[in-house]
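Open the model in your viewer and keep the selection tool at hand. The stops below go from the contact between chains to single residues.

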Amino acid sequence: MYRKISKENLRKWLGELKARAAILAPAKERGLWSYREFGLQDFPLRFRNSRLPPKGLFLDPLRALFAWKSSGGSVQLTPLPPLNGQRILIGLKPCDARALRILEPIFTRDYPDVFFLDNLSRTLRLGQACSVLCTGSFCLEMGIDPQESADFDIFFREIPAGYLARVLTDQGRTFTEGDFFAEASAGEWDLARREMPEKKEKPLFRLERVPAGVAQSFPDKNFWERVSAKCINCGICTYLCPTCHCFDLGDLQMPGQGVRFRCWDSCAFPGFTKMAGHNPREEKWRRYRQRVSHKFNFFYQSFQSIACVGCGRCVVHCPVNLDLREVLVEVAR
Amino acid sequence: MSQLGPEKNIYQPHLVEIIKVIPETWDTKTFHIQFQDAAVQESFSFLSGQFGEYSVFGEGEATFCISSSPTRLDHLEFSVKRIGRVTHALHQLNQGDLIGFRGPYGNHFPLDKLKGKNLLFVGGGIGLAPLRSLIHNVLDNRLDYREITILYGARSPQDLCFKYDLETWSRNPTVKMITTVDVGDKDWKGQVGLVPNILEEVGPSADGAVAITCGPPIMIRYALRSMEKLGFTPSQVWTTLEMKMKCGLGKCGRCNIGPLYVCKDGPVFSLAEIQSFLSDEF
């Protein structure tokens, strides 16, 4: 189903929604884009993508899970409920929306994680088609279409008169029922498609070769030592990755009380797999190999999807310019 | 499998009370625990090989197998070697203290594949803990199994865990019990020698047998070679795999090896399974 809305009406529509839900939108602060409470300010221009992925809005970087109180030998546990309240996330990009889809089965299977799943279900996902390819990105290679996506409730394409909206879910439909929207056709939607100006003639690598290529390279110690040689184990690639989801559990202790929390962790850190007697990934190349193998091979075997969307954050923000794309090109040869 | 966790919060443990502490060696203790909530205690069940996440509130959570048998459900037992933060904290605790327990998690030893077989248990050090759950389990249903051989070793007589069990098993006429130490002392009357060497000396037949082993990685590596010499095929050998765990739920990502999460898909694997995914990391 397709709808359209003028820029003026969009503002009015969001103003009305603001009374019902928390609206999160891209905002630039001190030079960095992030998703923040939308104050009906001017609609963000030239937004490519946020520095931190929106995964933190779902898998909180730090989340208290339960609290305890202890006195005189007795202990009392209090569950800390997940956060609630409808949220509307606008301006989300197709890569990051796909990443949320990739994360979902991890937190659904076997033991449903209400902290993650409640955040998903309380958030209406409104996406916006990209007009340029981000620096360092390889979304096209990863099978993400910057101009089309089914990973949203509503997906918007900009047109001179405002926006065309592709409504993808029932929830999206209810939100677009008011007078602010007008009917639109599939033909209009197709006409609003833009080609990426920087699109390369040939993809960097062929995705279908990557999982097997990574698997074949796994025993090749020399290869992993070479590609990880300059890595400094800072973990920024995992921190900025929209699909990295490994976490730690820890305790915050105060006199007579405390909380158990969950926080992001990183397979780049040597302590990640350190056990009582030994550490299977003491050496850096093993940790880098694990990260690449988990994303492009193991995860694929478990969930039939690759845990990478080609957003390019890890490429651009790596302090030593370790370029994941070069590794993928090599394994997919 | 009973799925625990108060409310819907999978990270919140149940409160359990330490009802007994047994010092095993200079650095290892066994804890007997009971759920504070009688209804939970009543409905709790598990299978040999499964593990739990144990909390010392304020210090954190750590993973230990359940070392008691599901055939003896009035309380749970787990054994802890003092090494890191949580294990140090556990060693400070006494009878009556409260800790947290989440579980049971993971898969279990394949009892159906052990029935009617000769069983060979090969354990080293604290690695006897998960085997002990299974040994009690099969001894409590003794008629379902044929010959039972237990080979257990430790570095020295002082390092032997579960001495009370070793004694009971050695007195059991239906069990062939061999205890060995790497280095003996003047009072030691058992075998002296490394577990894999003693295993080859004892030379149990692989015919209609299943071997189950757990211990330090170096012992497992050489014990597996010895078993191969004795004619055991990879599908006749079972072990539990050790890997760093935090959540126990297949989410936190830490125990990932190949396409598996040891916490969810393991920790019990046949050697045949392990050979299909184990890499140079282990």
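Start with the contact between the chains: select the 38 residues that chain B contributes and the 41 residues from chain A. Two residues are in contact here if their C-beta atoms, placed from the backbone, lie within 7 Å. On the chain B side, the residues touching chain A divide into 14 nonpolar, 11 polar and 13 charged. Ala, Val, Leu, Ile, Met, Phe, Trp, Tyr, Cys and Pro count as nonpolar, Asp, Glu, Lys and Arg as charged, and the others, Gly among them, as polar.

This is a predicted model, in which local features need pLDDT of at least 70 and side-chain atom pairs count only at pLDDT 80 or more, while totals for chains, interfaces and linings use all residues. Residues are numbered from 1 along each chain as its sequence is written, and chains are lettered from A and ligands numbered from 1 in the order in which they are written.

**Chain B as a whole**

Now select chain B and colour by secondary structure: it has nine helices and 15 strands. Helices (H or I, at least four residues) and strands (E, at least two) are DSSP runs, numbered from the N terminus. The radius of gyration of chain B is 18 Å, close to the 19 Å of the globule rule for 282 residues, so the chain is as compact as a globular protein of that length. That radius is taken over C-alpha atoms, and the rule is 2.2 Å times the number of residues to the power 0.38. Along the principal axes, the C-alpha atoms of chain B fill a box of roughly 50 × 45 × 40 Å. Of the 282 residues, 51% count as buried; a residue is buried if 20 or more other C-beta atoms lie within 10 Å of its own, exposed if 12 or fewer, and partly exposed in between, with C-beta atoms placed from the backbone.

**The sheet of chain B**

Next, show the open seven-stranded sheet of chain B, with order E10-E9-E8-E7-E11-E12-E15 and mixed pairing. Strands pair if DSSP finds at least two bridges between them. At the edges, each pairing on one side only, are strand E10 (191-192) and strand E15 (268-270) of chain B. Strand E9 (residues 175-181) of chain B and E10(B) are parallel, paired over two bridges. To see a bridge, pick B:Val181, whose partner in E10(B) is B:Val192. Helix H5 (residues 163-171) of chain B lies across strand E8 (148-154) and E9 of chain B, at about 135° to E9(B). Axes are lines fitted to C-alpha atoms, for helices over the stretch in contact, and angles run from 0 to 180 degrees between N-to-C directions.

**Two cis peptides**

Select B:Gly103 and B:Pro104, joined by a cis peptide bond with omega about 0°; B:Pro104 lies in strand E6 (residues 98-105) of chain B. Another cis bond, with omega about 5°, joins B:Gly266 and B:Pro267. B:Pro267 is in the loop between helix H8 (262-265) and E15 of chain B.

**Over to chain A**

In chain A, eight strands form an open mixed sheet, in the order E3-E2-E6-E7-E8-E9-E1-E10. Strand E1 (residues 2-6) and strand E9 (residues 162-167) of chain A are antiparallel, paired over five bridges. A:Arg3 stands opposite A:Ala165 in E9(A).

Finish at A:Asp110, a non-glycine residue with a positive phi near 60°. A:Asp110 sits in the loop between helix H2 (94-108) and helix H3 (114-121) of chain A.
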